[in-house]
Amino acid sequence: MRYGTFSSKTLLQLAQKNGLGSFVLTDINTTSACLEFIRESPKYNIKPVIGVDFRNGIEQIFVAIAKNNAGFEEINRYLTPFLQNKTETETGALPFPEQAPEFENVFVIYPFKRSRNYPLRENEFVGVSPADLDYIRIKKTDVSKAVILQTVTFRNKKDFNAHRLLRAIDKNVLLSKLPESEQAQPDHRMLPLNDLLKLYEAYPEIISNTQKILDNSSVFFDFSEDAEPQNQKNYTASAREDEALLLKLCLEGMQYRYPDKTEEIQKRIDKELSVIKQMGFISYFLMNWDIVSYARSKGYFYVGRGSGANSVVAYLLRITDVDPIELDLYFERFINLYRTNPPDFDIDFSWRDRDDVTDYIFKRFKNAALVATYNTFQKKAVVRELGKVFGLPKEEIDKLSKDYVQTWDLNHLSTLVLKYSEYIHGFPSHLSIHASGIIIAEKPIEHFTATFMPPKGYPTIQFDMHIAEDVGLYKFDILSQRGLGKIKDTLEIIRRTKPNDPPIDIHDMNRFKQDERIKVMLREAKAIGCFYVESPAMRMLLRKLQVDDYLGLVAASSVIRPGVAQSGMMQAYIQRFRNPEKRNEAHPVLLKLMPETFGVMVYQEDVIKVAHYFAGLTLGEADKMRRGMSGKYRSRDEFDQVREKFFKNCDEMGHDPAVTAEVWRQTESFAGYAFAKGHSASYAVESYQSLFLKAYYPLEYMVATINNFGGFYRTELYVNEARLHGATIHAPCVNQSDIETTLFEKDIFLGFHILLSFEQNSSLNIVSERNAGGPFISFNDFIDRVTISLEQISILIRIDAFRFTGKDKRSLLWEAHFKMDHRGGGSRKINSRGGESRLAPTTEYEMNDLFRIQRPEYKIPALENSWQEDAFDQIELLSFPLHSPFSILCPVGSGRDLTLLAKDLPKYIGQTVWIKGYLIHRKHTQTRGGTSMYFGTFLDVEGQWLDTVHFPPVAQKFQFRGTGVYKIRGKVIEEYDCITIETEYMEKMDVMEDPRYSEVKDEEKEKIVVTRNRRIDHRA
């Protein structure tokens, strides 16, 4: 990577064109392309041979070629330690030794020009390039152990230029400063086979040696559709024991999940167990059960989702919390006899717990590894990198990367930047790790690949999930989300603040589904902070659908997905939900297949149902169609064949061609975004849990939300939400605040974690000293007891964390500078608890283990500060004011009346109004014509929601200009109980001049001095 210039598929096309029947793929210090190369080779009638080109930097040490699968494993075992043990060498990895180890099933090729002081082993050869032939001819060198070594890196001059640019990017140097030692040779190109052999015709031994290596090298991996999975085969010692354990767990699960078992339930369980056994997926279920059992033993919250939530066996094993029988979940989406890959489980854990679960998996299972992803060069990033390589000024690079330059402004260098940015776009840059994927294999990981060690600290394979699935390695998805952290933390806070309340069973979904408060919150869309249902789009959808039950929320969780909305099916679903007469517009077959959603495709299962019943495809073909529409196909040709059969079958079944085309369009437009129904149901369960906690413990829940770094919105909104529920919000305080935000009855003290630029060590020092020695009694007491720098204590003073002293902030800042060593040269004194405090330089005062000398109090003139100064300090240190953002606006002249509130808007439907709102969120989207438009989300003066829509002409003319208060003129429109302002005019309102930097005299500070064009960046 950052060296080669084309893919393995392109390489195969090139080899076929040049008449090669076999060649060796040896990437530099990586096996990333090997399996894909083997999978693709038969299509080009080429025998694949694989290995690794071992290099220190780009200096070739030797080439290792696998004779067989055992040899490939040997190579991977040798390479892995070098990739995992990083050092400070120039190459960033341990250097490879000059001599290869004694491989048993590997051919080793040393480059001819590399000097050696050791004899060649039986499996070792010397690689002779065309450039070496003259030397051999002149020196009459022995070629009995020589082979053809014609390195291939380029196709043409453009590839060579791109290679040089990649090397300059990798070395972070100007192209003109790139040494030749960091570049490949220009003649590293593929020659036609006849031309290549003609170069070596004087040395038939070299040709025969080369052919013997190719003939005696063969690595096999089964990529056929009926290939066996390569995941760990048995959870216990044998398949029989696995089956017995699964049956035992299902029986135990039935007592917990279905105390009143029915015949329907038993039939569903028997059906699933039969298919799971037949497909060989028992161990996969048991390993997922093992993982979640460990999580429960540790008290971790988790949510099992994905198509796996469609399985009743998964429900019995408590992998998921969704009852597939209650929801009539389509088992064939989850698993069927035509689907060769195992079921898809996505297990979410709290972001605090996920790392421990991952650590458990690596300790529990022998052959585990993280899945990699290929980070590719994106065009804008490439433009910037190439701009640096060509030495362009920053201003010019900025213009090029933002497309702010006209054709006539381009010079030779900027033209090259744009030309090669297009060429390099999409090239792999480096390996990273998949967000959640872990593979657990039956064979050692080195059977498939070498592994590297990312900062996460676990071995990681060198290819992505698609290649892993191709070779039969199906990943376990172990994800993290903050929503589960909020639920767990809320329950802990409740145990502290409401110790006499009965314990909460957070898994009691039957109770939550019947709860009237939750129903009201759903209907009125009062769900801020509640996981998946708090976004502006979801809030509006809930109001339009008037959702107040579980099934309605399950549907809404999938309807909101982009594909459903863009295909027009969301609008159709809303209309049919609100107007029953509209349901007759559905195609009779679709209405019969999907009566619950009025003939509208909402879930991924609907794709399979339509393909299977409407178009007559087999379940296997239907699943290929679903995966293909999701962009997960491995062969475009294969997907096109399914598409052709879809239309052919529909024609034979007598469907109207126009209807067939429309059904295909709808299916294709949303299949890649829709959720499986079980997945939506899992999200709905977590939403219900969050809604319950917010309904009955709103302050505890909002504190937990703040401590888990919010959700869809920034922290400021959750602070405002807590205030709306009766909380008094306090800035951080050294005597009341903890590292995290805390709740005392109705008082919320923001934690030190929320302070920008405040170091974690400072927070820990404050809290640990306060816990050990009690509250701080004065400013002197604090600086004597806590190890902290002047810069850090200045942040505390500015946020008013010493307000208990009764001293104003300016006086305290003066004191801090007098009493602390702000020059870094002061003596470090041992404090009364054995720690260190940084004190002003002194020889007069001494301290010992028994007493502490009282510091003198300096007489400082009274220096008052205003609430306006506090607000601006808060904006800088918290990123938002604790005062209302409307309070720091410039006075509005005698012009527009901006006193209208969101609650007044229903009186003005169809009328044009003026209103002001504090910007919370904006969503950018595009019309079908490709022009930009926006949806705005604001709060009014009372903290209530205000929604706006900005169509392209308005969006272009009146743009958003960052966080702040805007005055808006627009027409009030209503659609299915949702009120929106169709914006005609928008302008950001001015705020007062920052009084901390105002040059007015002290006696004039009570006056509000205003200035136009003064903006606050609330993100500081």
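Contact here means heavy atoms within 4.5 Å. Keep that in mind as you work through these exercises on a predicted model.

**Exercise 1: a phenylalanine and its core**

Find out which residues phenylalanine 782 is in contact with, leaving aside its neighbours within four places in sequence.

*Solution.* Start at phenylalanine 782 and apply the contact cut-off. Next, zoom out to the largest nonpolar core, which has 128 residues. Phe782 is one of the members that touch the most others there, along with Tyr550, Ile793 and Leu796. Helix 30 (residues 677-696) gives this core its largest share, 8 residues. Finally, look for another core lying apart from it: that one has 53 residues, including Ile46, Ile50, Phe54 and Ala66.

**Exercise 2: two helices side by side**

Work out how helix 35 and helix 36 are arranged relative to each other.

*Solution.* First, locate them: helix 35 covers residues 790-798, and helix 36 covers residues 809-819. Now take the two numbers you need, because packed helices are described by the angle between their axes and the distance between the axes. Here the angle is about 165° and the axes are 9 Å apart. Angles over 145 degrees count as roughly antiparallel, so helix 35 is roughly antiparallel to helix 36. As for handedness, the crossing is right-handed.

Then check who meets whom. Helix 35 brings Leu790, Ile793, Ser794, Ile797 and Arg798, while helix 36 brings Lys809, Leu812, Leu813, Ala816 and His817. Sort these contact residues by type and you get 6 nonpolar, 2 polar and 2 charged.

**Exercise 3: buried or exposed?**

Decide whether arginine 539 and methionine 629 count as buried or exposed.

*Solution.* Arginine 539, in helix 21 (residues 536-545), has a relative accessible area of 4%, so arginine 539 is buried. Not counting residues up to four places away in sequence, arginine 539 touches Ala525, Val533, Thr937, Trp945 and Asp947.

Methionine 629 lies in helix 27 (residues 619-629). Its relative accessibility is 10%, so methionine 629 counts as buried. One more check: phenylalanine 639 is 10 residues from methionine 629 in sequence, and their C-alpha atoms are 8.5 Å apart in space.

**Exercise 4: the whole chain**

Sum up the chain: how many helices and strands does the secondary structure come to?

*Solution.* Count through the chain and you find 38 helices and 23 strands. Then turn to burial: 54% of the 1020 residues count as buried. Last, take contacts between residues at least 6 apart in sequence; 68% of them join residues at least 24 apart.

Definitions and conventions. Residues numbered from 1 in each chain as written. Predicted model: local features only at pLDDT ≥ 70, side-chain atom pairs only at ≥ 80, totals over all residues. Heavy atoms only, no water. Axes fitted to C-alpha atoms, helices over the stretch in contact; angles between N-to-C directions. Helix = DSSP H or I, 4+ residues; strand = E, 2+ residues; numbered from the N terminus. Parallel < 35°, antiparallel > 145°, perpendicular 65-115°, else oblique. Left-handed = near helix turned anticlockwise from the far one by under 90°. Nonpolar A, V, L, I, M, F, W, Y, C, P; charged D, E, K, R; others polar. Core = buried A, V, L, I, M, F, W, Y, C linked by side-chain atoms within 4.5 Å. Buried < 20%, exposed > 50% of the residue type's maximum accessible area, 1.4 Å probe, protein only.
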